[in-house]
Amino acid sequence: MLQSLSLLVNLALLVMIGVSIVSWVRLLWSRRTLTGPELLESLVPVRARRRPFWTIADALLMFGMMILIGQAILRTMARKGWIEQVGGSDGDGELSPIGMLAFISANSLGGLIAVGVTLLWLRAFDANARRRVGLRLSREDFLLGLKGTVMILPPVMLIAAAVNLVVPYEHPVLESLEKVATPAVLLATFVGTAIVTPIVEEFLARGLLQGSLQAMADRGGDESPWYARAYDPDASLAKHDWKPHAWWPVVVSSLLFAMMHGGQGAAPIPLFVLSLGLGYLYRQTGSLGPPILVHMFLNGLTLTVQFLNLFNLPRS
């Protein structure tokens with residue numbers, strides 16, 4: 001049964017890769033007279049909106065909160081006796097099932113709390129902060145996310161497969177799953193990695209970081225310093241006529257996003273390429289919906305393949 005399911009998943013991946021290649025060839029051929037920024041602007045038309053008012057400091061604030069809150073949750077679990085110690089080691093340097101569950105849950109919950117607190121902080125400057133950052137999902141954004149999945153994921157997966165031949169992929173959580181693969185751990189891993197992580201990471205990397213860099217790059221006629229908030233007491237009357245122009249914020253935020261995943265072998269290389277695609281979608285739309293969807297599909301597919309490989313392993 002599992003072998004059949006694994007075969008179907010691999011077949012679906014091959015079909016998606018084939019569709020992606022054909023789609024890219026047709027798309028680039030139809031726009032063969034365009035080059036550089038003109039080509040990029042033609043793929044997904046940029047949407048007019050209000051200039052981001054948040055700054056890099058807000059991104060750093062959230063990043064710090066994620067770490068502190070996650071550690072605080074783990075320490076609270078240890079004090080209450082739910083786990084023996086922070087990290088839940090079983091004495092042999094490996095995470096126990098309870099320790100793994102605690103680690104995943106603490107990181108997921110810490111990330112969600114950090115997102116919530118950051119949104120409350122931003123609401124002090126604009127009551128419509130959630131939508132301005134891009135936490136929304138329209139039908140158009142949903143369809144764009146599906147298209148982005150087909151166009152972005154296959155190239156990223158092919159790059160990942162190529163670099164993994166040279167430098168094997170490493171991930172401490174996935175490597176520990178074989179020994180602690182209880183139903184609760186697998187469920188927590190899937191929810192935390194395929195659902196929570198894309199929301200938290202896209203809000204931080206694309207929304208806060210790339211958005212603040214884009215506002216700094218495209219100040220226009222605003223002579224205020226880049227770190228000054230663009231708070232407008234008449235926000236409801238402001239025109240949505242700002243459009244991003246610079247491209248370097250996409251590259252810089254993608255480099256930082258890849259660096260955040262250091263220690264995972266050659267993973268930063270395909271993740272940098274992935275981030276360029278996700279950053280492009282956010283730059284053009286101002287919505288986190290499409291990047292989050294693409295990110296969810298990637299993490300969900302990766303975990304599905306890992307789980308199938310795990311259960312297909314011969315048992316000694």
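Phe-103 sits in helix H4, which covers residues 97-123. Helices (H or I, at least four residues) and strands (E, at least two) are DSSP runs, numbered from the N terminus. The model is predicted: local features need pLDDT of at least 70, side-chain atom pairs count only at pLDDT 80 or more, and totals for chains, interfaces and linings use all residues. Residues are numbered from 1 along each chain as its sequence is written, and side-chain values use heavy atoms, with hydrogens and water left out.

Stay with Phe-103 for a moment. Its relative accessible area is 30%, so it counts as partly exposed. Phe-103 and Gly-70 are 33 residues apart in sequence. In space, their C-alpha atoms are 8.4 Å apart.

Now step back to the whole protein. It has 11 helices and 0 strands. Of its 316 residues, 42% are buried.

Next, look at the loop between H4 and helix H5 (129-133), where Asp-126 is found. Asp-126 has a relative accessible area of 6%, so it is buried. Its side chain makes a polar contact with the side chain of Arg-132, at 2.7 Å. A polar contact is a pair of N or O atoms within 3.5 Å; within protein, one must be able to donate a hydrogen and the other to accept it, and residues adjacent in sequence count only if both atoms are side-chain atoms. A polar atom of the Asp-126 side chain also lies 2.8 Å from the backbone nitrogen of Asn-128.

On a 1 Å grid over the protein atoms alone, a cavity is a set of points where a 1.4 Å probe fits but cannot get out; lining residues have an atom within 4 Å of a point. Grid points are joined across faces, edges and corners, and a volume is the space filled by probe spheres set on the points. The structure holds 2 cavities of 30 Å³ or more. H8 and H10 each supply at least two.

Aromatic rings come next. There are 3 aromatic pairs in the whole structure. Rings of Phe, Tyr and Trp (its six-membered ring) pair if their centres lie within 6.5 Å; planes under 30 degrees apart count as stacked, over 60 as edge-to-face and the rest as tilted. Trp-121 and Phe-125 have ring centres 5.1 Å apart and planes at 75°, so they are edge-to-face. Trp-247 and Tyr-280 are stacked, at 6.1 Å centre to centre with 10° between the planes. Trp-247 lies in the loop between helix H8 (183-217) and helix H9 (248-259), and Tyr-280 in helix H10 (residues 268-285), so this pair ties together parts 33 residues apart in sequence. Trp-247 is partly exposed, at 22%, whereas Tyr-280 is buried, at 11%.

The charged end of Arg-32 sits over the ring of Trp-29, 4.2 Å from its centre. Arg-206 lies over the face of Phe-257, 4.7 Å from the ring centre.

Technical notes:
Buried < 20%, exposed > 50% of the residue type's maximum accessible area, 1.4 Å probe, protein only. Lys NZ or Arg CZ within 6 Å of the ring centre and 35° of its normal. 1 Å grid on protein atoms, 1.4 Å probe; cavity = no way out; pocket = protein on both sides within 12 Å on 5 of 7 lines; lining within 4 Å.
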